[in-house]
Every structure is written in C-alpha cells, then in structure tokens.
Amino acid sequence: MTSEQSVEPESSSTPTASDEESSKPRHAGFAYSLGRGLISPLARLVYRPRVEGRENVPLTGAVIFASNHLSFIDSIAIPVAAPRPVHFLAKSTYFEGTGFRGWLSRTFFQSIGAIPVRRGAGQAALDALDLQRQLLDEGLAVALYPEGTRSTDGRLYKGRTGVAFLALQTGAPVVPVGLIGTDKVMPVGAKVPNRSERITVRFGEPLDLSPHGPATSGRARRLATDDIMAAIHALSGQELAGAYNEAPAQGTIEKIKQALPHERR
C-alpha cells in the first residue's frame, strides 16, 4: 500500500446484519468495571508504579494513548495508571479458549479493557484500525503501540503511521506515554513479576496533530507519527533504534517487500 492510497477497508459484497454486528467492537462492560475495581489495587501493590502527568489526560472525550512497548504488562500498566477507562486491542486467541483456562483468559483480558481482534497485515490491519476508530467515535480512550510490537533490546523503534492516521481521521488528541521498567519487572518469558523493580508511567501533554494535514496525506501521517515518537522518546529516555521493529523476513518475497519503500502501518 502506498502512502497515497486510501486506508479505508473495502468490501466486495453488501454486509449482512450479522456481519455488521460482528464488526462492532465488543466493549468490556461489566467485566472491565469489576476488573478495574479489583485488579487495579492489586496491580498497584505488586508493581508499585510511579505515575507522573495524570493531569495531562483528558477525562472526557476521545483520546489516544500512544506508548512505547517493552513488556506484556504494558497493557496492564497503562489502564492501572490512567485516570479513566482505557481500551486496547488484543489477539483474539486470548478470548477463544475453552474450559476453565479459556474462561480465565477471556475474563482477565476483558477485565483490563482488552477487545479481541485478529492480528495481521493487510485487511486484518485495516479492520483493527476500524475497530479503534469506532471506539474513538464513541468518545472512548484507546491505547496503541506505534512501534507495532515489543522492543526486545530496550531501544525505541520508529513509529508506524496507524496511530497518526486515527488521530488525524477522528480529531482525537494523542497523549504520549513513556513506560520505564516494565521490561525489568516482567521480562519476556517470565512467569511472575520481579518485585525488586518498580514501574514508572509518564503521561505527556496531549498532542494536536491536525496542523500536519488530513489523514489521506501520507506526508501528514509520517510527520505526525514522528511528532508522537519524539514525545514518547522525551518521556521514556530510551536509546533510538533508527529503524522499524520488524520480524526477520521469511523467504525471498518478504525480504523484497521489506526492502522496498512502503508505509508501515
């Protein structure tokens, strides 16, 4: 997809009522309200987060939290530290298990504000953007990771333009978030948190990206994304990687795709 192409998903057939219903984001509802009341105090006790800049978070209306990504628990740290409910997308497989373990996984992710989505590139990525747009249109808060995936070396990678697209399309302000120490509290592969470390969550001042231009402009999306990443960097203090955080290409075709200029969403 080039930077000038539309990012709106297309359909080759007229959607049915059931299709439209399944495309709507499933709000966490009661499970999230209950989880926020029970899990948040427990998480504060276990992770002992230092929270800075809560006053920068708008308490009403659509808002996008754009954060660096170091650990699985980032998606717990942000909802626990934020002064308002936060939704984020999680792999649909977390919600599809059976038996007690499936119920436990589904209940946990619903309780921390997660909404199921099928992950991937192409149409799956567009569908994910559309779900987040629907949440923002309802005046809710969503959290996203512009890097796309966790940083395994602690550096801050270049941002993908999906966050900027949502902000420019919906007019929602972007609150940059700098997470510090989550990778030490819960490193990749760890089963239990390291209680000797503490987390810091820093909320920056909201960014109005509208001066960059419309969401249809590839240049506007790129410049807005660079502003977001600069704000995250100022909060997190991470070393800059200067590259995208991409999994190693599998096969010749994928290597060629990564080598060619294209917009990372």
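D130, R133 and D137 are linked in a network of salt bridges. A salt bridge here is a side-chain nitrogen of Lys or Arg within 4 Å of a carboxyl oxygen of Asp or Glu. The model is predicted: local features need pLDDT of at least 70, side-chain atom pairs count only at pLDDT 80 or more, and totals for chains, interfaces and linings use all residues. Residues are numbered from 1 along each chain as its sequence is written, and side-chain values use heavy atoms, with hydrogens and water left out.

D130 forms a salt bridge with R133, and their closest N and O atoms are 2.6 Å apart. D130 and R133 are separated by about one helical turn, because they sit three residues apart in helix α5 (residues 123–137). Helices are DSSP runs of H or I with at least four residues, strands are runs of E with at least two, and both are numbered from the N terminus. An α-helix has 3.6 residues a turn, so residues three or four places apart point the same way.

How exposed or buried is each partner? D130 is buried, with a relative accessible area of 18%. R133 is partly exposed at 21%. D137 is exposed at 51%. The cut-offs are these: buried means under 20% relative accessible area, exposed means over 50%, and partly exposed is in between, for a 1.4 Å probe and protein chains only.

The structure holds five salt bridges. Another of them is found in helix α8. There, the side chains of R222 and D226 meet at 3.1 Å, N to O. R222 and D226 are four residues apart in α8, about one turn of the helix. R222 is partly exposed, with a relative accessible area of 21%. D226 is partly exposed too, at 37%.

Leaving aside neighbours within four places in sequence, R133 is in contact with L166, Q169 and T170. Contact means heavy atoms within 4.5 Å. R133 and F165 are 32 residues apart in sequence, and their C-alpha atoms are 9.8 Å apart in space.

Helix α6 (residues 162–170) also meets helix α8 (residues 218–236). Two packed helices are described by the angle between their axes and the distance between the axes. The axes of α6 and α8 come within 8 Å and cross at roughly 110 degrees. Axes are lines fitted to C-alpha atoms, for helices over the stretch in contact, and angles run from 0 to 180 degrees between N-to-C directions. The two helices are therefore roughly perpendicular to each other. That label covers 65 to 115 degrees; under 35 counts as roughly parallel, over 145 as roughly antiparallel, and the rest as oblique.

Which residues make the contact? On α6 they are V163, A164, F165 and L168, and on α8 they are A220, R221, A224, T225 and I228. By class, the contact has seven nonpolar, one polar and one charged residues. Ala, Val, Leu, Ile, Met, Phe, Trp, Tyr, Cys and Pro count as nonpolar, Asp, Glu, Lys and Arg as charged, and the others, Gly among them, as polar.

Helix α6 is mostly covered, with seven of its nine residues buried. Those seven are G162, V163, A164, F165, L166, A167 and L168.

Next, the core. In soluble globular proteins, nonpolar side chains tend to be buried together. A nonpolar core is a set of buried Ala, Val, Leu, Ile, Met, Phe, Trp, Tyr and Cys residues joined through side-chain atoms within 4.5 Å. The largest such core has 30 residues, and Y47, F65, I73, I78, V177, V201 and F203 have the most contacts inside it. At least two of its residues come from each of α2 (29–47), β2 (63–67), α3 (74–81), β3 (88–91), β5 (141–144), β6 (174–180) and β7 (200–203). The largest share, five residues, comes from α3. Apart from this core lies another, of 28 residues, among them A128, L131, V163 and A164.
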